[in-house]
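Colleague: I am new to this structure. Please take a close look at a single part and describe how that part sits among its surroundings.

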Amino acid sequence: MDNYEAIAQSIKEGPISQSGGEGVKVYEKSVSAHGNTTLVMIKEANTKFLLAIGEDSLYRDLEGTVIGSVKKCPLTHTNRLVMNRYFDYMVPRAFGTEIATIGLGDRLGIASPGHIQAVRGRDIRPILAQQSIRELALTGRDYKQVMDAAAFAVFQEGYKDGFGADGDHLKVEADIQMALELGFTMLTLDCSEKIDNTIEGASLQELEEKYRSLPESVRSHYETRYLDQTFTVADVSVPFDRQTLIKNVLIYSQAIDYMEHIYQTYIRQASRAVDFEISIDETMTPTAPESHYFVANELYERGVAIYSMAPRFCGEFQKGIDYIGDLHQFEQELAIHASIADKFGYKLSIHSGSDKFSVFALIGQYTKGRFHIKTAGTNWLEAVRTVAGTNPSLYRRMHSYALAHFEEAKAYYHVTTDISKIVPIDEVQDADLADTYLNENNARQLIHITYGILLQAVDEQGKSLFRDEFYQTLSEQEEAFGQSLVTHIGKHLSLLGK
């Protein structure tokens, strides 16, 4: 109680100290006032709270325990909704197509302060709340928690430049509706289940037979618009002969219909602006220029306004490591994809964008600095880097468990990890763990793809094997984790020209 009274007095008199007394940390940037109430975030025993000092409606609306002259308020969903009414910068927003954005998937719910520190003052805006349904299942979180964590991080850092919230890689309408009802301001529509991946490699006869099975109205629609026509995008010709048209209709027509349905049913009917992203990167082969143009033109002609589109690029965008492929070919195709996006007025989106350092400068150049890039797993890896440097015993146990469960995790990802090339853990000194494993591609991918298995692991009594100690370590090493993110995400942004 004495600590809280001292903090309240310090706020009144200023300047406030980061230390709120023994065992209490004060987040100086969080101090915010509305009317006669002032709020500040503190951390005590590895748990964050709000202290409210005042007497007006904000003070009364917040749930908490009155202790002397202050109210101690937990960081609950209910309290976040209260704060949204008083501090508009805690409400996510849509950014439209004219500014670069970066998706910063915070799987742990504690990385957003470091992300904010990384983007502050740069010509880019963060999508702090970005999770897919699969990620939620693997981390044991839900969309309310994802949004709450992002909003409270914004408050903690006093960040007022705006942040977004992305319902990432959503496929089914119930999930889309849920995300929008919870206030998400971006929707990434994953069309993989509507894209026909059986078409590539089919014979001409098989293609013709499948095409003739489509309704005549569908065939007529596409033939009238595209057959034997050539379109020009930034001096590049995009021709549609019969075979090209048939392939694209068979691969993408159902997906395009679904995109239009989702847009008309949910995005257009929303009571606020929503950034609508289309993901067509889940295909067996890279997205050809004519395929990108075909999808984009159809959406444009149907009045579907999109914020960004993610094609599949040539080469490989594997998890947690740099780009694999021919850089010259990538540059040539990137230029065309960027020109198509420019023609139709949306941003090019780069998925699995973490750690693709060799192509970042090209992305910044050809998109003219107007892009969306998604990162997620790299933030988890920076958390593991922090643990490796500060709690080597925990890292060693996690590493061994990840190796034992590698084949199980690999079923969900395309990676080229060769675990035989990973240095045996008993040959590495504690001081060298982070450099040995977090800077080596095979070990990075091992740790990257086993995150869900590691977080869910329990012993025979149902007690967490790693999760609780992992979170405690990161809380105790909050500054180190934040600086690791600032350095790592900052490298991404600088190479992107931001």
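Modeller: A term is needed before the description: a polar contact is a pair of N or O atoms within 3.5 Å, and within protein one atom must be able to donate a hydrogen and the other to accept it. The model is predicted.

Asp326 caps the N-terminal end of α12, with a side-chain oxygen 2.9 Å from the backbone nitrogen of His328. The helix covers residues 327-344, and its 18 residues at 1.5 Å each should span 26 Å; the C-alpha atoms at its ends are 26 Å apart, so the two values agree. Gly345, with a positive phi near 85 degrees, follows the helix.

The buried residues of α12 are Phe330, Leu334, Ile336, His337, Ala338, Ile340, Ala341 and Phe344. They pack against strands β10, β11 and β14 and against helices α11 and α13.

One of these partners, β14 (residues 347-350), runs parallel to β15 and is joined to it by 3 bridges. Leu348 is the residue opposite Phe371 of β15.

β15 itself is mostly covered, as 5 of its 5 residues, 371-375, are buried. Phe371, Ile373 and Thr375 point one way from the strand, while His372 and Lys374 point the other way.

The loop between β14 and α13 holds His351. An unreviewed UniProt entry lists His351 under "binding site", along with His169 and Lys319. His351 has a relative accessible area of 8% and therefore counts as buried. Its side chain makes a polar contact of 2.6 Å with the side chain of Glu277.

His169 belongs to strand β8 (residues 164-170). Its relative accessibility is 18%, so His169 counts as buried too, the cut-off being under 20%. The side chains of His169 and Asp168 form a polar contact of 2.9 Å. Beyond neighbours within four places in sequence, His169 touches Ser132, Thr188, Asp190, Ser279, Asp281, Glu282 and His351.

How values were computed: Residues numbered from 1 in each chain as written. Predicted model: local features only at pLDDT ≥ 70, side-chain atom pairs only at ≥ 80, totals over all residues. Heavy atoms only, no water. Buried < 20%, exposed > 50% of the residue type's maximum accessible area, 1.4 Å probe, protein only. Helix = DSSP H or I, 4+ residues; strand = E, 2+ residues; numbered from the N terminus. Pairing = 2+ DSSP bridges. Expected span 1.5 Å × (residues − 1). Contact = heavy atoms within 4.5 Å. UniProt positions renumbered as here; feature names shortened; annotations may be inferred.
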